[in-house]
Amino acid sequence: MKQKKESLVGTIVSVNGNVISVKMHDRVKSTMPIIDGLLYRIGQIGSFLRIPLGYINLYGVVTKIGADAIPESLKELALGEDERSLNTRWMSLVLIGERIGRKFERGVTQFPTAEDEVHLVTIEDLNVIYGGFDESNSITVGNISVSESLPAKMELDKLVTRHCAIVGSTGSGKSNTVAIMLEAISRGEFPSARILLIDPHGEYNESLKEYSKVFKVNADKQEQSELYIPFWALPFDELMASFPGALNDQQRDYVRGKILEKKIAAIENLKIKPDVNSLTSDSPIPFSIKQLWFELDDFERQTFKENRKPETAAAMLKEKGNPAKLISNTYEPASPGGGSPFLNFQAKGILGFLDGMKTRMLDQGYKFLYEPGDLNPDLDGNVKSDLDSLLCEWLGHDRPITILDLSGIPTDIMSSISGSLLKIVYDALFWGQNLPVGGREQPLLLVLEEAHNYLKAGEDSISSRTVQKIAKEGRKYGVGLLLVTQRPTELDETVLSQCGTLIALRMTNKGDRGHVSAAVQDELYDMVALLPSLRTGEGLIMGEAVKIPSRVKFEQISKAPKSTDPLVSRQWTKPKPDNKEYKTAVDYWRNQKFS
Ligand SMILES: Nc1ncnc2c1ncn2[C@@H]1O[C@H](COP(=O)(O)OP(=O)(O)O)[C@@H](O)[C@H]1O
Ligand SMILES: [Mg+2]
């Protein structure tokens, strides 16, 4: 291949593994030469250079420029030169791939040597480097920063099965990037795409409206569906964590045993009855939590004429309660002096906990959990619809995206609930792995917005455990993760390291950048230095879903994901509301409802 003189920028001085030190030629006066009428920028971090080796072209990405790029061994020699030339004359490249004819491949089979020439890449080179995506397996998310005419593509298969993380400071454009990626998938030729987006702040309802079905607590019935998470599908620990009080180990075991009894009794109601021996207190079997509460409560309150075992003594019932309304049975008060009526000496001392449990169950804010519509069991544990209808509703509709808007979920149980619902979905796909609805036949992309909220590093929570599990084994079962976070340091490291693709947007926090550089390939370490200076909506895509690490300007979605925070400056210009509204507010509070 004949090399154009104008494109020559320098010569290789040293080769250290795949890191190449280049000295620019003195005759390269400008860092912005014009070749064939096109303007080129030399020495932008993240841009490419070409090293011709016979019929092969090697390509490297610029990771350092200036004095930093001088190899250690040459520092002394270079000291004689004045500072300005130091800054412009040296560059470090990391070899990325090679091209034979029109085919570009990652990795190199040959290495250059000192004195080899280094050339600018032209549009034609870039087309070959960034192109070559299989159209039927790629999505376009924006354009390549160094050359705006080049579309930035990502390979869908790798993106989904090898997991992806999007990191960046607040306002760097993470949510927009998610919306653009999901829109690109939805708009594309993938009519059966299955994406589940966990949206803690309800940001996406508008921006992905065309392609999604939204589930929300207190839904606006015309546009959204009601989000229910049946308490009986929660593992035992999470169900207990949804109540305010605490139990000691013995009391806990006692309640666990009672729940298991209820679940075993309730399998009679199921169309297909599971094997009793496979049941645990974690099994997703509908049972009545009100009936359970009533029975636990009753046992604590009973009084007896004789001081005998409750099974053999006659209880002194005064007034019958009502489990459906959470009203306790009343008994003759126990005698304070130790005579008849006697207290139940087997009582567990859990009345305080049961009281907290009752308060929660009456709280309208928790209705999505304890009274989940058709999934709410009657006192015998019969349900109108079972877990399969919930899964159908969430995953079986005709739009590619399901948004679970968790903005209406009380924050104290957010982590527990989001973890439980991830577990519900994952377990269903795991056990159904060989079925047509399983993940291998119908892969699922799980998008976790603001993942740091419920994925704290070092925390042993159901959300951490479930996400770790999906990160490790999800690919086998066709479940992929797209994690979004502004605080990579708070994210579990094993999860981040399982992400095959990393999209790093502007990041100002040094600690966070350190965390990101730990997750990228060693040679690209230097590119992380670029992160604080990226524009909004600009990012580095590294890893399996792209051919080469790319600096990309993401498209902007037409309807930006919006945070639902009130616009203070606008609201404060309005006249103050009528003071009698405070009375109404207290009324709502006392009745535990919103309007
Ligand atoms: N690619 C982009 N081009 C132009 N503006 C963008 C782009 N991405 C995001 N923005 C703007 O930047 C702001 C923050 O974006 P957002 O996606 O909400 O950031 P984050 O989720 O990281 O906090 C929004 O106002 C959005 O319109
Ligand atoms: Mg955001």
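1. Let's start with E24 and E25. Strand E24 (538-543) and strand E25 (550-554) run antiparallel and are joined by 4 bridges. Two strands count as paired if DSSP finds at least two bridges between them. Strands (E, at least two residues) and helices (H or I, at least four) are DSSP runs, numbered from the N terminus. E24 and E25 make a hairpin, with 6 residues between them.

2. A word on what you're looking at: this is a predicted model, where local features need pLDDT of at least 70, side-chain atom pairs count only at pLDDT 80 or more, and totals for chains, interfaces and linings use all residues. Residues are numbered from 1 along each chain as its sequence is written, while chains are lettered from A and ligands numbered from 1 in the order in which they are written.

3. Stay with E25 for a moment. Its other pairing is with E10, antiparallel over 3 bridges. Which residues face Lys553? Asn143 stands opposite Lys553, and Glu538 has Lys553 as its bridge partner.

4. Now zoom out. The open sheet has 12 strands with mixed pairing, in the order E11-E10-E25-E24-E23-E12-E22-E21-E13-E20-E14-E15. Strand E11 (151-155) and strand E15 (225-226) are at the edges with a single partner strand each, so one side of each has no neighbour in the sheet. Further in, E12 (residues 164-167) and E22 (residues 479-485) run parallel, joined by 4 bridges; one of the links puts Ala165 with Leu483 of E22.

5. Helix H5 lies across several strands, among them E10, E12, E24 and E25, and runs at about 135° to E10. Angles go from 0 to 180 degrees between N-to-C directions, and axes are lines fitted to C-alpha atoms, for helices over the stretch in contact.

6. Ala, Val, Leu, Ile, Met, Phe, Trp, Tyr, Cys and Pro count as nonpolar, Asp, Glu, Lys and Arg as charged, and the others, Gly among them, as polar.

7. Next, a helix pair. The axes of H12 (residues 414-431) and H13 (residues 462-473) come within 7 Å and cross at roughly 35°. The residues making the contact include Leu422 and Tyr426 of H12 and Val467 and Ile470 of H13; contact means C-beta atoms, placed from the backbone, within 7 Å. They divide into 5 nonpolar, 7 polar and 1 charged.

8. Finally, two loop residues. Ser461 sits in the loop between E21 and H13 and is partly exposed, with 18 other C-beta atoms within 10 Å. Leaving out residues up to four places away in sequence, Ser461 touches Ser415 and Gly419. Lys309, in the loop between E16 (303-304) and E17 (317-319), is exposed, with 11 other C-beta atoms within 10 Å.

Note on methods
Buried ≥ 20, exposed ≤ 12 C-beta atoms within 10 Å, placed from the backbone. Contact = placed C-beta atoms within 7 Å.
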